[in-house]
Amino acid sequence: MKTYKQPSTVGRFGEFGGMYVSETLMPLLLNLDKSYKKIQKDKKFKKELDDLFKNYVGRPSSLHYAKNLSKYINGPKVYFKRDELNHTGAHKINNCLGQILLAKKMGKTRIIAETGAGQHGVATATVCALFGLPCYIYMGSKDIERQKPNVFRMKLLGATIIPVESGSKSLKDAMNEALRDWIKNVRDTFYIIGSTAGPHPYPKMVRDFQSVIGKEAREQILKVEKKLPDYLIACVGGGSNAMGLFYPFLNDKKVKIIGVEAAGRGAKTEETAATMTSGTPGILHGSYSYVLQDNDGQIKEAHSISAGLDYPGVGPEHSYLKDIKRVKYFGITDKEALEAFQTCSKLEGIIPALEPSHALAYLMKAFKNKHKNKVVILNLCGRGDKDLFTAAKAIGFDADE
Amino acid sequence: MQMNNLDSLPKKKILSLFMTCGFPTLNNSKKIFNEMLSHKPDIIEFGLPFSDPMADGPIIQEANKLALRSKLSTQQSLDLIKYLSKSKNNTSFVIMCYLNTVRKFGLNKFIKNIKSIVDGIIIVDLPFEEEGAIKKSLSKNNIHLIKLISPMTDKKRSQKLLKNSKGFIYYISATGITGSNKLDYKEINKNVKSIKKMSSVPVLVGFGIKSKKDVIDISKKTNADGVIIGSALIQKYFDIKMDFNKYLKSLKKFIQEVKI
């Protein structure tokens with residue numbers, strides 16, 4: 001395999017990606033791309049970000065050998081890359097710090113973001129508080145309902161939450177509204193996109209900021225196992241935590257890589273978010289990638305118990321990695337994820353978010369009594385605090401006061 | 001080759017009316033377009049409804065939603081346009097849509113359906129960097145790909161964009177989404193002047209034009225060759241609480257007013 005070098009200068013991962021936005025946004029994106037290229041070479045920027053990673057986020061996140069879970073699966077040795085221990089409880093903060101430093105450099109004075117599960121919203125609100133910038137978070141009203149703890153967190157952090165009532169009232173629609181806000185306020189506003197989705201340069205930029213996960217994991221596993229892992233597993237909604245873990249391993253042919261999507265009530269049903277299992281290539285939010293759509297190209301509404309995976313699109317790089325067969329993608333249902341959520345809590349004393357619970361469910365299902373002597377790294381990209389009410393309701397536990 | 005109506009637009013005070021296909025229902029949509037056509041506007045823009053109209057404001061979003069509620073297909077929209085073209089006369093027909101609609105329908109099939117019927121097409125989310133093959137196929141069939149210029153487009157970029165432009169230039173008057181507020185005539189005039197130095201095709205101002213006064217002001221205070229009115233036409237439907245017959249009447253009155 002040739003050295004992996006994606007995307008192209010115009011933001012293409014193979015045929016995927018690109019910039020499909022109105023002319024109001026084009027000059028901005030080109031400018032953003034230019035500024036991003038510039039700061040990549042800026043040593044001061046890197047130093048500033050590294051310092052924040054270390055002292056504000058608590059990086060590097062640990063690589064935990066999940067002994068009990070490994071024993072339970074009776075298969076490979078499972079390591080958790082514990083990005084759920086980060087400040088704000090998920091991997092999202094890595095990217096937000098990178099982007100807000102860039103926003104500052106570009107002289108932007110107002111920050112907007114979309115959020116599904118609220119993790120990206122919380123992370124954005126957090127960095128805005130840290131840097132003293134006004135913060136506006138677009139969030140679907142359905143997600144506001146199911147992620148109340150995060151809504152309160154964002155408010156405490158000083159952010160303004162703008163409920164989105166259009167469409168399916170979840171992540172997709174929040175992103176539409178954030179893009180509209182950006183079109184309206186192009187001059188002073190920086191849009192911090194939380195996933196490896198959207199128009200170029202976002203998929204690349206978010207991946208780069210998140211790849212600290214994979215870089216650390218690589219060093220850590222080489223130290224403890226004296227070899228590279230046999231498998232990487234991560235959940236994929238838009239795909240930022242997965243790209244963060246996968247990217248530094250893409251050239252290591254022997255490392256098998258698995259992305260786990262949310263199949264909702266089943267990948268073959270209408271209530272799914274398994275974009276790469278059930279979708280076809282199309283254009284959503286400025287990028288060409290796999291999407292859930294009908295025969296006329298109308299985007300379908302996604303469904304998942306996990307608000308962070310409830311998205312009918314996926315990053316263009318994942319679409320590319322699927323097509324070149326470098327990464328394999330599988331779907332896990334709400335029910336399977338919910339079971340894994342409980343199993344992991346009991347066995348490891350770690351309550352995972354519903355998003356990585358999908359990755360855990362796949363691991364427990366596909367690796368059971370198999371792949372002994374192999375080493376797996378699973379990205380535990382978020383903690384489950386935010387999901388307690390959703391999970392309690394689904395399990396049938398009365399969590400109200 | 002068949003004539004393209006956009007090549008013989010009047011010199012001044014061009015009026016372009018935008019309406020979403022299939023809004024509020026396919027049947028009533030026909031009546032709306034017939035009403036619009038009876039006023040012989042210079043251009044009618046047919047919006048193809050899309051589930052995620054990223055660059056449109058709440059009014060056109062709502063129109064898209066209503067049109068899609070009855071599962072309107074792309075084929076039905078194109079058939080509607082074809083049906084209306086019988087009474088087209090000198091009015092230019094322009095389609096305004098998002099790229100995914102064309103892509104999923106198939107570019108060649110799409111062109112086959114609109115050839116000799118439609119004079120121009122605006123693909124909102126297709127920047128000129130990505131237009132290559134599409135522009136070529138369209139131009140082979142004498143359909144003009146209409147360019148949008150925003151206040152954010154700088155001179156260097158405008159020059160590239162406007163090279164060989166045909167039909168008209170859609171100048172986005174506010175840095176905003178369709179149907180937004182304020183109009184800054186000074187800025188519009190400055191930018192339109194600069195566009196006109198680079199291109200000889202008419203420049204129409206769109207986004208945020210709501211009333212007869214706006215139309216007159218654009219004509220008097222700026223160098224623009226005409227206006228595009230969209231959201232304001234649809235807004236009336238919601239203003240009169242969706243009574244369709246009343247809507248048709250108010251639409252008639254409004255179009256008469258804005259024809260200056």
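Figure 1. Not counting residues up to four places away in sequence, A:His358 touches several residues, among them A:Val260, A:Glu261, A:Ser304, A:Ile332 and A:Thr333, contact meaning heavy atoms within 4.5 Å. This is a predicted model in which local features need pLDDT of at least 70 and side-chain atom pairs count only at pLDDT 80 or more, while totals for chains, interfaces and linings use all residues. Residues are numbered from 1 along each chain as its sequence is written, chains are lettered from A and ligands numbered from 1 in the order in which they are written, and side-chain values use heavy atoms, with hydrogens and water left out.

**Figure 2. Surroundings of A:Gln6.** A:Gln6 is placed in the segment before strand E1 (12–13) of chain A and is buried, with a relative accessible area of 17%. A polar atom of its side chain lies 3.3 Å from the backbone nitrogen of A:Gly14. Leaving aside neighbours within four places in sequence, the contacts of A:Gln6 are A:Arg12, A:Phe13, A:Gly14, A:Arg207, A:Glu317 and A:Tyr320.

**Figure 3. Helix H9 of chain A.** Because nine of the nine residues of helix H9 (residues 202–210) of chain A are buried, the helix is largely enclosed by the rest of the structure. Its buried residues include A:Lys204, A:Arg207 and A:Asp208.

**Figure 4. Aromatic pairs.** Rings of Phe, Tyr and Trp (its six-membered ring) pair if their centres lie within 6.5 Å, and planes under 30 degrees apart count as stacked, over 60 as edge-to-face and the rest as tilted. By this rule there are 24 aromatic pairs over all chains. A:Phe16 and A:Tyr288 form a stacked pair, because their ring centres are 5.4 Å apart and their planes are at 20 degrees. A:Phe16 lies in strand E2 (residues 16–17) and A:Tyr288 in strand E12 (residues 287–291) of chain A, so the pair ties together parts that are 272 residues apart in sequence. Both A:Phe16 and A:Tyr288 are buried. The pair of A:Tyr362 and A:Phe367, by contrast, is edge-to-face, because the centres are 6.4 Å apart and the planes at 75 degrees. A:Tyr362 counts as buried at 10% relative accessibility, and A:Phe367 is buried with a relative accessible area of 1%. In chain B, ring pairs link B:Phe23, B:Tyr237, B:Phe238, B:Phe244 and B:Tyr247 into a cluster.

**Figure 5. Lysines over rings in chain B.** A charge sits over a ring if NZ of Lys or CZ of Arg is within 6 Å of the ring centre and within 35 degrees of the ring normal. B:Lys109 lies over the face of B:Phe105, at 4.2 Å from the ring centre, and the charged end of B:Lys236 sits over the ring of B:Phe254, 4.4 Å from its centre.

Conventions: Helices (H or I, at least four residues) and strands (E, at least two) are DSSP runs, numbered from the N terminus. Buried means under 20% relative accessible area, exposed over 50%, partly exposed in between (1.4 Å probe, protein chains only). A polar contact is a pair of N or O atoms within 3.5 Å; within protein, one must be able to donate a hydrogen and the other to accept it, and residues adjacent in sequence count only if both atoms are side-chain atoms.
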